[in-house]
Amino acid sequence: MTVLDQASAAAAGVPDALENTAYKKVFWRIIPLLMFCYVVAYLDRVNVGFAKLQMSSELGLSEAAYGAGAGIFFIGYFLFEVPSNLLMNKVGARIWIARVMITWGIVSAAFAFTTSETMFYVLRFLLGLAEAGFFPGIILYMTSWYPSHRRAKIIATFMSAIPVSAIFGNPLSGWIMDGLHTFHGMSGWQWMFLIEAIPAVLLGFVVFFYLDNRIEDAKWLNQKEKDVLLANMEADNRIKTASPSSLGATLSDGRVWLMSLIYFCFVLGQYGLNFWMPTLVKASGVVGNFNVGLVSAIPYICTFITMLVLGRSSDHFRERRWHLVIPAMVASIGFIAATVASSTGIAIAALSLAAAGAITCAPLFWSLPTAFLAGTGAAAGIAWINSVGNLAGFLGPFIIGYLKDTTGSNSIGMYFLAAALVVGCIATLSVPAKTVNR
């Protein structure tokens, strides 16, 4: 088969040995590194949930104050995300992602020296500014390597870093907080922030020297492999004739706003759970920070498996909407069940349903907007959808903290998260199947 024949086959969506070999090379070159980066990023973003177990009492933070501080991260994230993605589109992923990681690592380490509620708020805001652009930048980066019909599995694999981060990070955070508490006069939560910030800085330098910006730059691919991959991307982009082509057109596109609403609802469930998981597990009767970390890992093990299975299934059947709706509905049931659990075991089972459903929605969601966004529209649209959606990361923790302060119970907050997921399901089903099922 000639290169032209192979390119034609790839464009027609018919995989062959050369194409499969090329994508295997791409996978092993970039996905493990990006996954590891996201494990570190996510740990630095949500380890404040573990720090709360010691930090709140030492700094005198109320539940609402903690929720506001945990969520204010997303205000900074919102403000800088679109500019960050547009800059990355100009300077390249290698330089920009490295810059993001080194900056957020430095800010994350600074949390060890937090002495007041105000300082806590300022650092969470700065962390959002520093990390803005990492996740949407990675999603944009993947759209330059993988066509739509291969994307759900790859994004799900990448985003399985979320449960992996919790599976290993939660016990690690608990162990650091218990084992190093009062060591050299510092609290366990301070040591946790310092130690867990170091990998971000180191990985930033690895990204700078290792990552390639484009298929054409990849010296580890031969020319035939590049031709097939580029033919796939050209064929995929030809389909996206209705993509907005400027920042203004992107921000006025009704489809982009619908995607923002869907993602907002799903992120409410995701971060409402992530930031409060240690508190919910502790409230179920688990004693000791390390034990809380171990038990908290159980829901994320379920999430990891669910993500990979549904990501592969979504690509195999080229079906996107119901692969989102079903796990979201399961998650809403899990949130409600967690409020009436009569034992630790039942509570953890309910939280496992909630986590597996709510967090799995995140990678599956990105198959929707990337099915019709391309070029500048993709750079701006992905960043805008992610930034608006992630405002839920501010709203969710704050509302749950406020409701707990007001009612003295976690139940109303869980009902709120369940309702948000149902709204997200309704909005998802309003998207025409032909727009996204590719």
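Start your tour at the second largest pocket, whose lining residues divide into 10 nonpolar, 7 polar and 3 charged. Here Ala, Val, Leu, Ile, Met, Phe, Trp, Tyr, Cys and Pro count as nonpolar, Asp, Glu, Lys and Arg as charged, and the others, Gly among them, as polar.

Before you go on, note that this is a predicted model, in which local features need pLDDT of at least 70, side-chain atom pairs count only at pLDDT 80 or more, and totals for chains, interfaces and linings use all residues. Residues are numbered from 1 along each chain as its sequence is written, and side-chain values use heavy atoms, with hydrogens and water left out.

**Stop 1: the second largest pocket**

Select Asn 89, Leu 140, Thr 143, Ser 144 and Arg 214, which lie nearest the centre of this pocket among its 20 lining residues. About 460 Å³ of space lies here. A pocket is an open set of points on a 1 Å grid over the protein atoms alone, where a 1.4 Å probe fits, with protein on both sides within 12 Å along at least five of seven lines; lining residues have an atom within 4 Å of a point. Now colour helices H4 (63-91), H7 (134-143), H11 (223-239) and H17 (375-389): each supplies at least two residues of the lining. Helices are DSSP runs (H or I, at least four residues), numbered from the N terminus.

**Stop 2: the largest pocket**

Next, move to the largest pocket, with about 670 Å³ of space. Select Phe 27, Arg 150, Lys 153, Ile 154 and Arg 312, the closest to its centre of the 24 residues that line it. Helices H2 (17-46), H8 (151-159) and H14 (289-317) each give two or more residues to this lining, and H2 gives the most, with 7.

**Stop 3: salt bridges**

How many salt bridges does a search of the whole structure find? There are 8, each a side-chain nitrogen of Lys or Arg within 4 Å of a carboxyl oxygen of Asp or Glu.

Show Asp 212 and Arg 29, whose closest N and O atoms are 3.9 Å apart. Asp 212 sits in the loop between helix H10 (188-210) and H11, and Arg 29 in helix H2, so this pair ties together parts 183 residues apart in sequence. Asp 212 is buried at 15% relative accessibility, while Arg 29 is partly exposed at 23% (buried means under 20% relative accessible area, exposed over 50%, partly exposed in between, with a 1.4 Å probe and protein chains only).

Finally, select Arg 255 and Asp 253, a salt bridge with its closest N and O atoms 2.8 Å apart. Arg 255 is partly exposed at 26%, whereas Asp 253 is buried at 13%.

Terms used: Points joined across faces, edges and corners; volume = space filled by probe spheres on them.
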